[in-house]
Amino acid sequence: MSAVRVQFDANLKELQDKLMELGKLATEALERSIQALEAQDIDRCLEIIEDDQKADQLEEEINDLAILLIAKQQPVATDLRRIIVAIKVAADLERIADFGVNVAKSAIRIGKEPLIKPINNIKKMYSLTHEMIQLTLESFVEEDIIKAKRIADIDDQVDDLYGETIRELLEMNKQKPEHTAQITQLSFICRYLERAADHTTNIAEGVFYLVKGRRYDLNE
C-alpha cells in the first residue's frame with residue numbers, strides 16, 4: 001500500500017471519528033434537553049444552548065477536512081461517495097443537535113409552570129429517536145444497510161406517536177385554553193423530535209447511497 005493511500009485512509013478515519021463525536025454531541029443534546037424538560041431545570045437548559053457551539057464547530061471541521069480530501073486526493077468511486085455522505089451526515093447530525101437546543105428553549109418558555117400532563121409520549125418519542133441515532137451511526141461505520149432499513153421502520157413509530165400526541169394536545173387545548181402557551185411549547189417539542197427522527201432517516205438514506213451507489217427514499 002502506497003504512502004499516499006495510507007495517509008488517505010488515516011484522513012478518512014479522522015473524518016469518521018469526528019462524525020462519531022458529532023453524533024455523540026447530538027445524542028447528548030437531545031437527552032439532556034428531555035431530562036431538563038422533565039425536571040424543569042432552567043439552568044441545565046441554558047447549558048445546552050451554550051454547548052451547541054461545540055456541534056457547530058465540529059461540523060465545520062468535518063466539512064473542511066472533507067473538502068481538503070477531495071481537493072488534494074481526488075478520490076474516485078466509493079471513497080468519493082464516503083466523503084460526500086460524511087458531509088451530509090454531519091449536516092443532519094448538527095441539525096439534530098439544534099433540535100436538542102430547540103427543546104431546551106421550549107422548556108425555558110414553559111419555565112416552572114407545572115406540566116399539564118406527564119410527558120410519557122414525548123419520552124417515548126425521544127427514546128425511539130435515540131435508538132435511531134445509535135443505529136444510524138452504527139450503520140454508517142459498518143456500512144450496514146440492514147440496520148439502515150430498521151431506522152425507517154422505527155421512524156414510522158415516531159410518526160405515529162407524534163400524530164397521537166398532537167391530537168391529545170389539541171383536545172386538551174380545547175378543554176384548558178388557559179394553558180395554551182404550554183400546550184404550544186409541548187407541541188413544538190413533539191415536532192422537534194419528529195424532525196430529528198427524519199434527519200436520522202436522511203442519514204440512513206446516505207448509508208444506502210454509500211453502499212449501493214444509488215439513492216433510496218426511506219420516507220415513502
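Read from one end of the sequence to the other, the protein chain has the pattern α-α-α-α-α-α. The model is a predicted one, and its secondary structure amounts to six helices and zero strands. The points below are grouped by topic.

**Overall form**

- The C-alpha trace of the protein chain spans about 70 × 35 × 20 Å along its principal axes.
- The protein chain has 220 residues, of which 47% count as buried.
- Among contacts in the protein chain with a separation of 6 or more, 81% are between residues 24 or more positions apart.

**Packing of helix H3 against helix H6**

- Helix H3 covers residues 77–110 and helix H6 covers residues 180–212; their axes come within 9 Å and cross at roughly 170 degrees.
- Because angles over 145 degrees count as roughly antiparallel, H3 is roughly antiparallel to H6.
- Sorted by class, the contact of H3 with H6 has 16 nonpolar, nine polar and seven charged residues.

**Packing of helix H4 against helix H6**

- Helix H4, residues 120–142, packs with H6 at an angle of about 20 degrees, and the two axes are 9 Å apart.
- Because angles under 35 degrees count as roughly parallel, H4 is roughly parallel to H6.
- H4 and H6 cross in a left-handed manner.
- The contact of H4 with H6 has, by class, 16 nonpolar, five polar and one charged residues.

**Isoleucine 110 and glutamine 185**

- Isoleucine 110 belongs to helix H3, and glutamine 185 belongs to helix H6.
- Isoleucine 110 has a relative accessible area of 6% and is therefore buried, the limit for this class being under 20%.
- Glutamine 185, with a relative accessibility of 12%, also counts as buried.
- Not counting residues up to four places away in sequence, isoleucine 110 touches Leu37, Gln40, Leu115, Gln182, Gln185, Leu186 and Ile189.
- With that exclusion of residues up to four places away in sequence, glutamine 185 touches Ser106, Arg109 and Ile110.
- A polar contact of 2.8 Å links the side chain of glutamine 185 to the side chain of serine 106.

**Glutamine 40 in the loop between H1 and H2**

- Glutamine 40 is located in the loop that lies between helix H1 (3–39) and helix H2 (42–73).
- Although glutamine 40 is not a glycine, its phi is positive, at about 50 degrees.
- A polar atom of the glutamine 40 side chain lies 2.8 Å from the backbone oxygen of glycine 111.
- Neighbours within four places in sequence aside, glutamine 40 is in contact with Ile110, Gly111, Lys112, Glu113, Pro114 and Leu115.

**Glutamate 143 in the loop between H4 and H5**

- Glutamate 143 is placed in the loop between H4 and helix H5 (145–175).
- The phi of glutamate 143 is near 50 degrees, which is a positive value in a residue other than glycine.
- Glutamate 143 has a relative accessibility of 30% and therefore counts as partly exposed, a class that runs between 20% and 50%.

**Isoleucine 133 in helix H4**

- Isoleucine 133 has its place in helix H4.
- Its relative accessibility is 1%, so isoleucine 133 counts as buried.
- Leaving aside neighbours within four places in sequence, the contacts of isoleucine 133 are Gly23, Thr27, Leu30, Ile96 and Thr200.
- Isoleucine 133 and isoleucine 151 are 18 residues apart in sequence, and their C-alpha atoms are 8.4 Å apart in space.

Methods: Residues numbered from 1 in each chain as written. Predicted model: local features only at pLDDT ≥ 70, side-chain atom pairs only at ≥ 80, totals over all residues. Heavy atoms only, no water. Axes fitted to C-alpha atoms, helices over the stretch in contact; angles between N-to-C directions. Helix = DSSP H or I, 4+ residues; strand = E, 2+ residues; numbered from the N terminus. Parallel < 35°, antiparallel > 145°, perpendicular 65-115°, else oblique. Nonpolar A, V, L, I, M, F, W, Y, C, P; charged D, E, K, R; others polar. Left-handed = near helix turned anticlockwise from the far one by under 90°. Buried < 20%, exposed > 50% of the residue type's maximum accessible area, 1.4 Å probe, protein only. Contact = heavy atoms within 4.5 Å. Polar contact = N/O pair within 3.5 Å; in protein donor to acceptor, adjacent residues only side chain to side chain.
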